[in-house]
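Please keep the sequence and the 3D view at hand while reading.

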Amino acid sequence: CSRLHTKPSISPTLLLSNMYQRPDMITPGVDPQGQPLDPRKIQQHFEDFYEDLFEELSKYGEIESLNICDNLADHMVGNVYVQFREEEHASEALRNLSGRFYAGRPIIVDFSPVTDFREATCR
Amino acid sequence: PSHSKSKRTSGFDMAPPSANLLSSAPMQDQLPGVPQPLPGISQSM
């Protein structure tokens, strides 16, 4: 990847690092106990997560887009990108989310330089 | 289709359990040791 991954001091977009964890993150299609997982369960799990996030983030301002990486590769795994209409709303959300937990894990939140997700693919 | 499930609790502000996250062994029978406050001792910074 040749992109510069600089963290801007202000941006309408926030990155929540490694926040989404697939139920089958260890082995695709299988839960950590080794039981096969119904693909609908995995989808439901993802949708619940999306709903939680959307609901929480909407408190801080209008959301332009919400992207959740549910890939299984190491790169960007579980990263959540949320773009607000206004930079102030993003910084409000950043202030409010810092130091909190989601599902027992700390929320790691930073500004992200990404403003156009069609251009954001990093290969 | 009826999607009338009651609202889940959000995962937000779900703090990590005090037990080690890596140990998945059931520990229900174990009472956590509650540290007793020491009477008469106040800590000065």
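Helices (H or I, at least four residues) and strands (E, at least two) are DSSP runs, and they are numbered from the N terminus. Just after helix α2 of chain A, Gly99(A) takes a positive phi of about 80°. This is a predicted model, in which local features need pLDDT of at least 70 and side-chain atom pairs count only at pLDDT 80 or more, whereas totals for chains, interfaces and linings use all residues. Residues are numbered from 1 along each chain as its sequence is written, while chains are lettered from A and ligands numbered from 1 in the order in which they are written.

**The sheet of chain A**

- In chain A, 4 strands form an open sheet in the order β2-β3-β1-β6, with antiparallel pairing, where two strands pair if DSSP finds at least two bridges between them.
- The edges are held by β2 (63-68) and β6 of chain A, each of which has a single partner strand, so one side of each is left without a neighbour in the sheet.
- Direction ignored, neighbouring strands of this sheet are turned by 20° against each other on average, the axes being lines fitted to C-alpha atoms, for helices over the stretch in contact, with angles that run from 0 to 180 degrees between N-to-C directions.
- The antiparallel strands β2(A) and β3(A) are joined by 5 bridges, and Ile63(A) stands opposite Phe84(A) in β3(A).

**The helices of chain A**

- Helix α1(A) lies across β2 and β3 of chain A and runs at about 150° to β2(A).
- Helix α2 (residues 87-97) of chain A has as its buried residues His89(A), Ala90(A), Ala93(A) and Leu97(A), a residue being buried if 20 or more other C-beta atoms, placed from the backbone, lie within 10 Å of its own.
- These residues cover an arc of only 100° around the axis, which puts them on the same side of α2(A); the arc is that of the directions from the helix axis to the C-beta atoms.
- Among the elements that cover the buried residues of α2(A) are β1 (13-16), α1, β3 (80-84) and β6 (109-112) of chain A.

**Chain B and its contact with chain A**

- Chain B contains 0 helices and 0 strands, and of its 45 residues 0% count as buried.
- The contact takes 10 residues from chain A and 9 residues from chain B, two residues being in contact if their C-beta atoms, placed from the backbone, lie within 7 Å.
- On the side of chain A that touches chain B, α1 (39-58) and β4 (101-102) of chain A each supply at least two residues, and the largest share, 4 residues, comes from α1(A).

Terms used. A residue is buried if 20 or more other C-beta atoms lie within 10 Å of its own, exposed if 12 or fewer, and partly exposed in between; C-beta atoms are placed from the backbone.
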